[in-house]
Amino acid sequence: MTKDVEVAEHHGGEYTSKDYHDPPPAPFFDADELTKWSFYRALIAEFVATLLFLYVTVLTVIGYKSQTDPDLNLDQCGGVGILGIAWAFGGMIFILVYCTAGISGGHINPAVTFGLFVARKVSLIRALGYMIAQCLGAICGVGLVKAFQSSYYNRYGGGANTLADGYNKGTGLGAEIIGTFVLVYTVFSATDPKRSARDSHVPVLAPLPIGFAVFMVHLATIPITGTGINPARSFGAAVIFNDDKAWDDQWIFWVGPFIGAFAAALYHQFVLRAAAIKALGSFRSNA
């Protein structure tokens, strides 16, 4: 385990040191988790959170499209607009991460879970369990939308992610990679114990920057891919809507987010936090 010391200057010219410990890396494969209630409680929390996330956000998307349908000669400036859709996604992430962070970590996204797995923050068993729970929650959330508003759901695309006309698959893949990088990088930064030690005088509510990251990425990429950056969100909508176009483009919303999450984990852990250099220094000091 490594230990860093931060030096902070206080008013009056006095200096004090703030120290913290990096949490130990999670075991790669921890079968003991399968015997703990806390593990299954976390799976339930991820399932319910992703269900609620998809239910509210897909309803928002469909509601916006129904209020601006050009075939019905409706006002194209009506409804919540793209800004409102982005707020719905970012706001729900803020709410749900805040509610579930103490139970499951508040991942609500297989890409976030994968990034944390790469950084050894969660074990393989927990990562796989979370991803399954998230995908099942997404399917159920979109299923509720279809059950309650089946006519609007089928007419307005079911909230499914597809590549917009005029963009090639490379552009869509790039948008998903960069968008997910922004999100996962924000997750690492907002939950970094070094930040908590260094900036203890500045209260930061971790779900807030994470929600804002989702909001900003949606503003940039809704016109391109409808914004995935969450494979469970894209998969759940594709399963329930079951459209050929949604399935043809589905790989973009898995490959892109996973590459972006992988890059963000490596950047934060091995560049910003210099994990490899610290490990080498610890090895030499113990030799």
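Tutor: Start with the term itself. A salt bridge here is a side-chain nitrogen of Lys or Arg within 4 Å of a carboxyl oxygen of Asp or Glu. Side chains of opposite charge can pair when their charged atoms come close. Keep in mind that this is a predicted model.

The structure holds 3 salt bridges. Take Asp249 and Lys245 to begin with. Their side chains meet in a salt bridge, at 3.1 Å from N to O. That value is within the 4 Å limit, so the pair qualifies.

Asp249 has a relative accessible area of 1%, so Asp249 is buried. Lys245 has a relative accessible area of 35%, so Lys245 is partly exposed. The cut-offs explain both labels: buried means under 20%, exposed means over 50%, and partly exposed lies in between.

Asp249 has another partner. Lys169 also forms a salt bridge with Asp249, and here the closest N and O atoms are 2.8 Å apart. Lys169 lies in helix 6, while Asp249 lies in the loop between helix 10 (244-248) and helix 11 (252-272), so this pair ties together parts that are 80 residues apart in sequence. Lys169 has 36% relative accessibility, so Lys169 counts as partly exposed.

Next comes Glu33. Glu33 forms a salt bridge with Arg126, with the closest N and O atoms 2.7 Å apart. Glu33 sits in the loop between strand 2 (15-21) and helix 1 (37-67), and Arg126 sits in helix 4 (residues 124-148), so the pair ties together parts that are 93 residues apart in sequence. Glu33 is at 8% relative accessibility, so Glu33 counts as buried. Arg126 is at 15%, so Arg126 counts as buried too.

The crossing of the two helices is right-handed. On the helix 3 side, the contact uses Ala111, Val112, Gly115 and Leu116. They meet Thr180, Leu183, Val184, Val187 and Phe188 in helix 6. By class, this contact has 7 nonpolar, 2 polar and no charged residues.

Key
Residues numbered from 1 in each chain as written. Predicted model: local features only at pLDDT ≥ 70, side-chain atom pairs only at ≥ 80, totals over all residues. Heavy atoms only, no water. Left-handed = near helix turned anticlockwise from the far one by under 90°. Helix = DSSP H or I, 4+ residues; strand = E, 2+ residues; numbered from the N terminus. Contact = heavy atoms within 4.5 Å. Nonpolar A, V, L, I, M, F, W, Y, C, P; charged D, E, K, R; others polar. Buried < 20%, exposed > 50% of the residue type's maximum accessible area, 1.4 Å probe, protein only.
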